[in-house]
Each structure stands twice: as C-alpha cells, then as structure tokens.
Amino acid sequence: MNDPSLDQPVEPVRPAVLWVGACDDPELALARTWADELADVFEAPTPDAAVASPPEAFLERSPAAVVLASPTPARWSLVDCITLSRRWPLAPLVSVAGSLVEGRRRSGPALPGVEEVAWNELPGRMAWWMHDCARGRPGSLGMPTTSRREERLLEAAGRVADFATQPGRRVSVAASRASDVEGLADVLTAAGRPPLRRTCGRPALDEPADILVWDVSEVSTVDLTWLAMLTANRPRLAVVLLDSFPRSDSTLAVLRAGGRAVLSRPMSLETLAGMLLRLETLLPA
C-alpha cells in the first residue's frame, strides 16, 4: 500500500554557506546581501576563528561552500585555505573578489584549488551552484581542485544545456553595437532563452519581455535616466546591465534606477544562466 505522505511536496532545504572575512568593503557588502537571498549565510572573521569556534550549523555538517571575502589581493594565504579544508574537507572554497583583485582574477586564480569570483557575479554563480546542488550534482564547484579554469568553463557549458530545456521567462537583448547584440543573442540562445526582441541602441520603453539584458559598455547618466524611465513604465521588467568594469557606486546607481543586477563584460555562460535562474525565481508569476 502506498504511503500518502510520500506524495506530499517536500519543502526545499536552503543551503548553508560559511562567509569568512569582513564586509566593510561596499562591493563585498553588496555580494553578502545577494548571498542572503540564496542561502543561509554564517559569518566568521578569520579561518582560525571559524575552525576554533565554528557556527553551530557546521558542527555536524559541512558548508555548501566556504566564501573568502577578498577586498584586496593576498588577503588570504594558502595556509588559511588548508586550515579550512582540513576542518571541512568536502566544502569547496570560493574567493569573492572586489575590484582591486580584478586584474589578478583575469590572469587566473592565485590560490590553488580556490574558485575566484567577481563580487558582481556572485549572485548568478551562486544561484547556479545551488541549482546543481539541489539536483544532487557536483557542478563546477565539485570538480577536482586541480581543474583548470578552461575545464571548469567547458563543464559548465555542458550543464547549461540541461537548463536550456526548461521553460523560462521571455528575455530581450539590447546593445549599442550590432555585433554585441548578436553576441548576446547567441549566449542567450545557448542558455535556452532565445531573445524575444533584439535592439541596437537603447531599449524601447514598451519592452514586452520579462527580463532585459542590456549591454551599456559603461554606465552613464543618460543610461541611468533611460533605465529609470523604462522601469517606471514597465515595473515588472527585470533589467540586467552589462558594464565593462562595475563598481559599487555605479551598481548602486543602477539598483536605485530600477535595475536588478549588473554583470561585467565579458561574462561566462554559467554566470548568465545563473542570473536568469535567480531572476526567474524572484519575479512574480
């Protein structure tokens, strides 16, 4: 005889993340706020403090990820990473880098076995990691610590193909150059969200999509004014701006004007797919 309780929906369990380091930097403070949307975040000031007095949530289980807040280069050492790995050997280590670490991030991770993520990319990347985790998949964070960045990118591209088969919201793209419009359209198509509308120039104020990906190259006052008019006219529209080098002040200005997120150029397929997944979850039905 079937047990009727087995047919009842199961409330999803929010993942628990350990955040190591301070959030005094405004960029990392934003990243910390976004992380709260996706997981239960527990803080520790240093790796030694996390190991000596771990949050109660991690006394008997491992964090879904350990996040090292990195406002400057060389904030954390290999010894710090080993300290955390010895205490929670199954927890992947992630460094969330502020703008001062941006140059090093482009040249490759400085700490072996630690995935380095730009502060503005954290919500998209984390949404995708948790998407994998909820389905029992290791994902890019579960790859061997010796994996190169190229291997992680290829692995992520393969997993996004699964996301591409799932129904989603309507997405449009806009950019100042036709080549950028086509590039964005190709990336969205690879993520299973072929664009509803392609606009060369500023998007129309009557944009019919649910999500708009707008490449502004560099956030300007004119773009912010247009964004404010667009979101006032279409308050249910989620706008993601692409900026060449996002900063906390320009990102906050975008959020105040009604935008939902700012991503850096270039962006990975996993980052975009995760951001779309996050927005599709947050948008009203």
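**View 1. The protein chain as a whole.** A residue is called buried here when its relative accessible area is under 20%, and exposed when that area is over 50%. In this predicted model, buried residues make up 50% of the 285 residues in the protein chain. The chain's secondary structure comes to 10 helices and 10 strands, and its accessible surface is about 13500 Å², with 56% of that surface belonging to carbon and sulfur atoms. Among the contacts with a separation of 6 or more, 69% are between residues 24 or more positions apart.

**View 2. Helix α3 and the elements that cover it.** Helix α3 spans residues 78-87, and within this helix D80, C81 and L84 are buried. These residues lie on the same side of α3, because they cover an arc of only 100 degrees around the axis. On the other side of α3, V79 and R86 are exposed. The cover over the buried residues of α3 includes β1 (16-20), α2 (47-52), β3 (65-70) and β4 (93-97).

View 3. The largest nonpolar core has 23 residues, of which W19, V96, W119, L122, M126 and W129 touch the most other members. Two or more residues of this core come from each of β1, α1 (26-38), β3, β4 and α5 (122-134), and α1 gives the most, with 6 residues. When residues up to four places away in sequence are not counted, W19 touches L28, A31, R32, A35, V41, F42, E43, A44, V67, A69 and L122. Another core, of 18 residues, lies apart from the largest one, and among its members are A175, L188, M275 and L276.

**View 4. Helix α7 and its packing partners.** Helix α7 (residues 178-190) has 13 residues and reaches 19 Å from its first C-alpha to its last, which is close to the 18 Å expected at 1.5 Å a residue. Its buried residues are D180, V181, L184, A185 and L188. The arc that they cover around the axis is only 140 degrees, so they are on the same side of α7, whereas S179 and D186 are exposed on the other side of α7. The buried residues of α7 pack against β6 (171-175), β7 (198-200), β8 (211-217), β9 (238-243) and α10 (269-282). Just after α7, G192 takes a positive phi of about 80 degrees.

Technical notes. Residues are numbered from 1 along each chain as its sequence is written. This is a predicted model: local features need pLDDT of at least 70, side-chain atom pairs count only at pLDDT 80 or more; totals for chains, interfaces and linings use all residues. Side-chain values use heavy atoms; hydrogens and water are left out. Helices (H or I, at least four residues) and strands (E, at least two) are DSSP runs, numbered from the N terminus. Buried means under 20% relative accessible area, exposed over 50%, partly exposed in between (1.4 Å probe, protein chains only). Contact means heavy atoms within 4.5 Å. Accessible areas come from the Shrake-Rupley method with a 1.4 Å probe; for residues, only the protein chains shown count as cover. The arc is that of the directions from the helix axis to the C-beta atoms. A nonpolar core is a set of buried Ala, Val, Leu, Ile, Met, Phe, Trp, Tyr and Cys residues joined through side-chain atoms within 4.5 Å. The expected span of a helix is 1.5 Å times one less than its number of residues.
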